[in-house]
Amino acid sequence: MAGFASADSFRPDTSRLRLLPIRFERLGADRFLVGNMVGDMAEMTTTELERLCALDLTPGDGLYERAFEKLFVASADQRAPQQLLALRLRSRLSFLRAATPLHLFVVTLRCEHSCPYCQVSRQSKDRVRYDMDSATASRALDIALSAPAPMIKIEFQGGEPLLNFELIRWIVVTAQERAVPLGKQLQFVITTNLALLDDEVLEFCAEHDVLLSTSLDGPRDLHNRNRPRRGGNSYELAVAGIGRIRERLGPDRVGALMTTTEASLDRVEEIVDEYLAQGLDGIFLRPLSPYGHAIKTKQFHKYDAREWLEFWKRGLRYILEINKSGRRFPEFYSAFILRRMLSDEPIGYVDLRSPAGIGLGALVYNYDGTVFASDEARMLAEMGDRSFELGNVHEHGYRDLVLSDTLVSAVADSLTQTAPQCSACVFEPNCGADPVYHHATQGDLLGIKPLSEFCERQKGVITHLFELLEHSPEDAAVLREWAS
Ligand code: SF4
């Protein structure tokens, strides 16, 4: 009678295990965060981490199973785990296949607000020489439509772009005509403070499917203090505008962004309540950026990364409770990071990518035809630093701009996959390269990461989200839903 092989012969041969690429970071006295190269993470004690590194694992001990599940180890004769890692990495980097989907047209630098934290160095309302003309817009449009991405998003920026609404109208109509033979899909967004919104603008947006994005910093007193204009009624105009857009175009046709100033830090619940009251579908708790008037007026230096993290954590706690009570209301920065942590889909947010999103994710056409690698790059240029100027619409085409020495070296020199600190960092697969920020704050494309507030914020945000996912099932259910 043929016998069965003994149970031992089915046991995996643990002497043939090998370690796949892992990184780790200490979270506490006996706690480590361990991650693989595609952002899967697990918490381990010191003993567990030592056993993992020594491949001292036995089937059934729990650590063996976790190590396989998280792709920290594989059998020496197995190729599948490596192939799976490669496939997932390829998916995470697939944004490179549809390069430059976002094109920002700075149709004017004029503005009728005078916000002290303004990052674009706006000009006063009557200085029309800061308007883009149609010849420049036409060339910029040709460049935008020659980018490889099948869906091209055109965003109108300023200053206050509605001060040059005639040009916006011309660009939208012309882009729609030129896109048809090229087979491109288009999306349009006007980024506006809504002070100049009128029926003509609303009708045009309805007819041409144009979205609007505005600024809302919180309750009336906070918003009006942050965003002064003659009449002191920025809040009233923004809120009235949001209402009119929701009524005329629909509730999902307007979004808002807030900027965290020193005055916002202890008012996050009121800020969130304001967004809920205006019927907005989420909030982005955004720190100030180190550009333009935010530097000149010293607003940028009024709080640090640690204070912003406290603000964000408190806001997230409040927002999670709102979601648990039944209203879906994501915090958008968390949602972006969660998508990085919980899926292999590429995300649209250009600051959370490596290779960096400059040029490859977005191009900016300034009012005078100069092309910059990102919105922050043109903000720097207005401060006199033209390090990320790629060319001019009248002299250069898409390929000249994205293959310019300036862009290629900025992207190559800032890769987190190979950078000191980042390449050994457990957060790297869920983080991004931000060469313009590091150039602006440290005069270096890579930046010294232990001195970088960007790095401190990323570590703080990812660690906090990881801990909620691991240790708080009710919060985790909400966070997983945001990521989907
Ligand atoms: S910036 Fe900081 S958190 Fe991000 S990958 Fe680099 S070292 Fe890690």
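Because the model is predicted, local features need pLDDT of at least 70 and side-chain atom pairs count only at pLDDT 80 or more, while totals for chains, interfaces and linings use all residues. Residues are numbered from 1 along each chain as its sequence is written, and side-chain values use heavy atoms, with hydrogens and water left out.

Begin by colouring the chain by domain: domain 1 covers 16-92, domain 2 covers 95-402 and domain 3 covers 413-470, with bounds that come from an automatic or database domain assignment. The centres of domain 1 and domain 2, taken over C-alpha atoms, are separated by 40 Å. Where these two domains meet, 7 residues of domain 1 are in contact with 7 residues of domain 2, contact meaning heavy atoms within 4.5 Å. About 610 Å² is buried between them, 30% of it from carbon and sulfur atoms; buried area is the accessible area (1.4 Å probe) that two parts lose on being put together, summed over both. On the domain 1 side, select Arg88, Ser91 and Arg92, which lose the most area to domain 2 and together give 72% of what that side buries.

Next, select Thr100, in the loop between helix 3 (80-92) and strand 6 (102-106); helices (H or I, at least four residues) and strands (E, at least two) are DSSP runs, numbered from the N terminus. Thr100 has a positive phi of about 55° although it is not a glycine.

Move on to Gly158 and Gly159, which are joined by a cis peptide bond with omega about 15°. Gly159 sits in the loop between strand 7 (151-157) and helix 5.

Now show helix 5 (residues 165-182) with helix 6 (residues 199-208), which pack at an angle of about 10° with their axes 12 Å apart. Helix 5 is therefore roughly parallel to helix 6, a description used for angles under 35 degrees. Helix 5 makes this contact through Phe165, Glu166, Arg169, Val172, Val173 and Gln176, and helix 6 through Glu200, Val201, Phe204 and His208.

Finish at the ligand by selecting the residues around it, Cys422, Cys425, Glu428, Cys431, Lys449, Cys455 and Lys459, each with a heavy atom within 4 Å of it.

Key. Axes fitted to C-alpha atoms, helices over the stretch in contact; angles between N-to-C directions. Parallel < 35°, antiparallel > 145°, perpendicular 65-115°, else oblique.
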